[in-house]
Amino acid sequence: AQTGEGIPELLMMLIGLAQKFLEDNLQRSEECKGTVLEVTELKGVGPTLDAIIYDGTLKVNDVIVIGGLSEPIVSKVKAILLEEKGKPKGVKEVSAAAGIKISAPDAVNVLSGMPFRTAGKDLEETKMKVQEEVEEVVIETDEEGLVIKAESLGSLEALSGLLRQGGIKVKKATVGEITKKDLTDAQA
């Protein structure tokens, strides 16, 4: 306990036991909720989203709404892949909590760390909920300071937090590739 050694393994064991023995007590919502961890290119499949589902059940052909910087991205789930013995295996549906790969053709410009949900009966309402989730993690900025960019939302939050702890002001904080506009903002 003093060194922190073995704590992650202990937590994983507790979660596993809770899921196994308290399965009936755990309730899932009807809509699937998850987080995109990484966007990767899988040979023979195309762009895939490495994701974690933390609530509900995701099925092939479900329509999902993924958070975006300016607006949500809507896509249909083409395939769900679970890794088995080092190789991806296609499944028809998967329930929480699970780490999966999702093949969704319209999800090319998705950023790591973005939330997603299955589109319910009202697509516009789902889009609004997902975008509200994205806006909750918007980072406060100052009049002057550094321009920071990160690959994912989680990395951006961590970087911004560290800079604030050090008393360093942040003028602009965004996710994605560095652009000419970012360089101009930094120079100004």
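Here are a few friendly notes on two residues of strand 2, Asp50 and Ile53, in this predicted model.

1. Start with Asp50. You will find Asp50 in strand 2, which covers residues 46-55. Its relative accessibility is 16%, and buried means under 20%, so Asp50 counts as buried.

2. Now look at what surrounds Asp50. Setting aside neighbours within four places in sequence, Asp50 is in contact with Thr35, Val36, Leu37, Glu38 and Thr40, and also with Ile100 and Lys101.

3. Move along to Ile53, which lies in strand 2 as well. Is Ile53 buried or exposed? With a relative accessible area of 0%, Ile53 is buried.

4. Which residues does Ile53 touch, not counting those up to four places away in sequence? They are Cys32, Lys33, Gly34, Leu58, Val94, Ala96, Ala97, Ala98, Ile100 and Phe116.

5. In soluble globular proteins, nonpolar side chains tend to be buried together. The largest nonpolar core here has 31 residues, and the members touching the most other members are Ile53, Leu58, Ile66, Ile100, Ile102 and Phe116. Two or more residues of this core come from each of strand 2, strand 4 (63-66), strand 9 (98-103), strand 11 (146-150), helix 3 (153-165) and strand 12 (170-175).

6. Finally, a distance to check on your screen. Ile53 and Gly154 are 101 residues apart along the chain, and their C-alpha atoms are separated by 17 Å.

Notes:
Residues are numbered from 1 along each chain as its sequence is written. This is a predicted model: local features need pLDDT of at least 70, side-chain atom pairs count only at pLDDT 80 or more; totals for chains, interfaces and linings use all residues. Side-chain values use heavy atoms; hydrogens and water are left out. Helices (H or I, at least four residues) and strands (E, at least two) are DSSP runs, numbered from the N terminus. Buried means under 20% relative accessible area, exposed over 50%, partly exposed in between (1.4 Å probe, protein chains only). Contact means heavy atoms within 4.5 Å. A nonpolar core is a set of buried Ala, Val, Leu, Ile, Met, Phe, Trp, Tyr and Cys residues joined through side-chain atoms within 4.5 Å.
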